[in-house]
Amino acid sequence: MSIPKPLVQTNQTFILITVLFGLFIHPIILLLPFVIGVITLITKNNPVIRIGKNFLKKPANAYPLEDKAQQIFNQWIATVCIGLSLLFFTLQINWLAYTFSTMVVIASALALAGYCIGCTIRYRYMMWRHKRGSETQG
């Protein structure tokens with residue numbers, strides 16, 4: 001299953017903007033991307049992407065497509081980091097809260113620029129599992 005690239009970019013932009021607002025306006029704003037992330041991970045259906053589909057000018061398959069499994073993996077990383085950031089803000093360990101939020105900002109900005117950190121992590125993990133599996137069989 002695939003997702004049109006403009007919808008993936010819409011989600012990345014949503015995450016980037018809401019996390020920046022959470023950092024510069026008030027941390028409570030981080031609840032928005034966190035809740036959207038949790039909904040996405042539970043339902044495998046992203047509300048931001050679902051709304052964004054209404055704004056596509058061409059049929060979804062006319063755009064470059066992104067792998068849905070990869071996007072779910074990336075959503076896991078972002079949601080966990082935002083959740084940890086919220087936790088650390090609540091515990092008033094602000095330096096860790098800012099660290100996890102900043103990681104999400106950097107990853108989202110890089111993804112919008114064309115480099116997917118989550119893709120690299122997942123690829124390396126899959127290669128490690130493959131290599132580990134090969135060693136135990138041989």
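Reader: Which cysteine does the disulfide join to Cys 116?

Author: Cys 119. Keep in mind that this is a predicted model.

Reader: What makes the pair a disulfide?

Author: The cut-off is a pair of cysteine sulfur atoms within 2.5 Å. The sulfurs of Cys 116 and Cys 119 are 2.3 Å apart. That value meets the cut-off, so the pair is called a disulfide. The count by this rule is one disulfide. The link of Cys 116 and Cys 119 is right-handed, with 80° about the S-S bond.

Reader: Why is Cys 81 in no disulfide?

Author: A disulfide needs sulfurs within 2.5 Å. For Cys 81, the nearest cysteine sulfur belongs to Cys 116 and is 13 Å away.

Reader: Is Cys 81 buried or exposed, and how do you know?

Author: Buried means under 20% relative accessible area. Cys 81 has 8% relative accessibility, so Cys 81 counts as buried.

Reader: Why is Cys 119 called partly exposed?

Author: Partly exposed lies between the 20% limit for buried and the 50% limit for exposed. Cys 119 comes in at 27%, so the label is partly exposed.

Reader: On to the glutamines. Why is Gln 71 called buried?

Author: Its relative accessible area is 15%, and buried means under 20%, so Gln 71 is buried. Gln 71 is part of helix α4, residues 68–90.

Reader: What does Gln 71 touch?

Author: Ile 3, Val 8 and Glu 66, once residues up to four places away in sequence are set aside.

Reader: And what makes Gln 12 buried?

Author: A relative accessible area of 14%, against a limit of 20%, so Gln 12 is buried. Gln 12 sits in helix α1. Beyond its neighbours within four places in sequence, Gln 12 contacts Ser 108, Ala 111 and Leu 112.

Reader: Now the tyrosines. Why is Tyr 98 partly exposed?

Author: Tyr 98 has a relative accessible area of 37%, between the 20% and 50% limits, so the label is partly exposed. Tyr 98 belongs to helix α5, residues 94–113. Apart from neighbours within four places in sequence, Tyr 98 contacts Leu 23 and Phe 89.

Reader: How do you know that the span of α5 agrees with expectation?

Author: At 1.5 Å a residue, the 20 residues of α5 should span 28 Å. The end C-alpha atoms are 28 Å apart, so the two values agree.

Reader: Which residues of α5 are buried?

Author: Ala 97, Phe 100, Ser 101, Val 104, Val 105, Ser 108 and Ala 111. They cover an arc of only 140° around the axis, so they lie on the same side of α5. Their cover includes α1 and α4. Turned away from that buried side are the exposed residues Trp 95 and Ala 113. Just after α5 comes Gly 114, with a positive phi of about 115°.

Reader: Why do you say that the buried residues of α2 line one face?

Author: The buried residues are Pro 33, Ile 36, Gly 37, Thr 40 and Leu 41. Viewed down the axis of α2, they fall within an arc of 130°, so they line one face of the helix. What covers them includes α1, α3 and α4.

Reader: What follows α2?

Author: Lys 44, with a positive phi near 60°.

Reader: How do α1 and α2 pack?

Author: At an angle of about 145°, with their axes 8 Å apart. Phe 14, Thr 18 and Val 19 in α1 meet Leu 32, Pro 33 and Ile 36 in α2. Of the residues in this contact, five are nonpolar, one is polar and none is charged.

Key:
Residues are numbered from 1 along each chain as its sequence is written. This is a predicted model: local features need pLDDT of at least 70, side-chain atom pairs count only at pLDDT 80 or more; totals for chains, interfaces and linings use all residues. Side-chain values use heavy atoms; hydrogens and water are left out. Axes are lines fitted to C-alpha atoms, for helices over the stretch in contact, and angles run from 0 to 180 degrees between N-to-C directions. Helices (H or I, at least four residues) and strands (E, at least two) are DSSP runs, numbered from the N terminus. Contact means heavy atoms within 4.5 Å. Ala, Val, Leu, Ile, Met, Phe, Trp, Tyr, Cys and Pro count as nonpolar, Asp, Glu, Lys and Arg as charged, and the others, Gly among them, as polar. Buried means under 20% relative accessible area, exposed over 50%, partly exposed in between (1.4 Å probe, protein chains only). The arc is that of the directions from the helix axis to the C-beta atoms. The expected span of a helix is 1.5 Å times one less than its number of residues.
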